[in-house]
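Dear colleague,

I am handing over the structure we spoke about, with the sequence alongside. Please open it first, and then read the notes below next to it.

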Amino acid sequence: MEGIKEKFTSLPEFLKNSPSKLDHYLPEFPDKIFQEGEYFPLPKDYEIVKNPYNKHWVIKDGHLNATSDLADNFTLTLNNDTRLKSINITGNNTITIDIGNKEINLLVDNLNISQGHINIIGSGTLNIYAKKISSIGGSCQLNLNGNPASFNIFYNGTAPLSFSGGAKVNGSLYVKQSNLELSGGFTIDGNIYSGGSEIEIKGGVSTSGQWIVAPKATLSLNGGGNVTGIVIANSINAVGNTSINYGEPIVPNPAVPPTPNTPTDTEYNLDTDLSDPFIEQPLVEIDK
């Protein structure tokens, strides 16, 4: 395990004689929602008219386009699960999604936020199911002032995801199978779950307490890539002013049931007990 001090790589006693069950820490990917979402209703068309010569369709034929200053501060109220063919935000525009007190599933064929922001209001949870993510970049902010446990992005595409710049996502990212690269100060203040084979974090990316669960992946930390939280990966390479520090995740891992007591070495059973084994040793290496 390159770049990681030996004192962080020893295997806890309760895992030494146990089969590897680290896949259990990866939540099941919601393929069913992607299938059902094809039948979610599209929102009604909505045109913003300032005058006969200055107007903009902010919602048209299932596309949400905050690409004009007329659409800045537009509020989309979602009372039920919904489908959008695309979300396009440019020009530093902000849209607000009001979810009330419900859990709302929003299927999006293409998420494209090159420069803009999404505020989420309400006490519920917003789950965005993205078939394609063209961009989350620039200095965009998603759910900046909201609860990170109440916002999730699920991506089931195969194209690699590469996020950079000063963008910030206050929520969790679930990637079914693609590779993932975070660089240039991009921040996810939530958890990262991946079924892909590679995750690269570099260039000043920092975290404040998260799960990174990628049991099939090589996690590469390069040039200022830092992680605070709990990491589960197939292998880890760390080079060039990088670090992994234990920190209590801000958002609980739904695959880990809460437990009132930390198990002892002798009573812990990975077949039945998936509670957090990394309180004392956040980074472990399992020989295969």
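Asn-110 is buried, with a relative accessible area of 17%, where buried means under 20% relative accessible area, exposed over 50% and partly exposed in between, using a 1.4 Å probe and protein chains only. Before going further, please keep in mind that this is a predicted model, in which local features need pLDDT of at least 70 and side-chain atom pairs count only at pLDDT 80 or more, whereas totals for chains, interfaces and linings use all residues. Residues are numbered from 1 along each chain as its sequence is written, and side-chain values use heavy atoms, with hydrogens and water left out.

Asn-110 lies in the loop between strand S8 (103-108) and strand S9 (111-113); helices (H or I, at least four residues) and strands (E, at least two) are DSSP runs, numbered from the N terminus. The side chain of Asn-110 makes a polar contact with the side chain of Ser-134, at 2.7 Å. A polar contact here is a pair of N or O atoms within 3.5 Å; within protein, one must be able to donate a hydrogen and the other to accept it, and residues adjacent in sequence count only if both atoms are side-chain atoms. Leaving aside residues up to four places away in sequence, Asn-110 touches Lys-85, Ser-86, Ile-87, Lys-132, Ile-133 and Ser-134, contact meaning heavy atoms within 4.5 Å.

On confidence, the mean pLDDT of the protein is 85, and 82% of its residues reach 70 or more; pLDDT is the predictor's confidence in each residue, from 0 to 100. Over residues 1-12 the pLDDT is below 50, and this stretch has 30 contacts in the model beyond near neighbours in sequence. The pLDDT is also below 50 over residues 260-274, a stretch with 26 such contacts.

Turning to the strands, six of them form an open sheet in the order S1-S2-S3-S6-S9-S12, with mixed pairing; two strands pair if DSSP finds at least two bridges between them. S1 and strand S12 (133-136) stand at the edges with a single partner strand each, so one side of each is left without a neighbour in the sheet. Within this sheet, strand S1 (residues 46-51) and strand S2 (residues 54-60) pair in the antiparallel sense over five bridges, and they form a hairpin with two residues between them. Tyr-46 stands opposite Ile-59 in S2. By contrast, strand S3 (residues 63-66) and strand S6 (residues 86-89) pair in the parallel sense over four bridges, with Asn-65 opposite Asn-88 in S6.

Which aromatic residues are linked into a cluster by ring pairs? They are Phe-29, Phe-34, Tyr-129, Phe-154, Tyr-174 and Tyr-193, and a search of the whole structure finds nine aromatic pairs. Rings of Phe, Tyr and Trp (its six-membered ring) pair if their centres lie within 6.5 Å, and planes under 30 degrees apart count as stacked, over 60 as edge-to-face and the rest as tilted. The rings of Phe-29 and Phe-154 have their centres 6.2 Å apart and their planes at 75 degrees, so this pair is edge-to-face. Phe-29 lies in the loop between helix H1 (13-16) and helix H2 (31-37) and Phe-154 in strand S14 (residues 151-155), so the pair ties together parts that are 125 residues apart in sequence. Phe-29 is buried at a relative accessible area of 15%, and Phe-154 is buried at 7%. The rings of Phe-34 and Tyr-129 have their centres 5.4 Å apart and their planes at 90 degrees, so that pair is edge-to-face too. Phe-34 in helix H2 and Tyr-129 in strand S11 (residues 125-130) are 95 residues apart, and their pair links distant parts of the chain.

Asn-73, in the loop between S3 and strand S4 (74-77), has a phi near 70 degrees, a positive value in a residue other than glycine, and counts as exposed at 57% relative accessibility. Asn-143, in the loop between strand S13 (141-142) and S14, has a positive phi of about 60 degrees although it is not a glycine, but is buried, with a relative accessible area of 4%.
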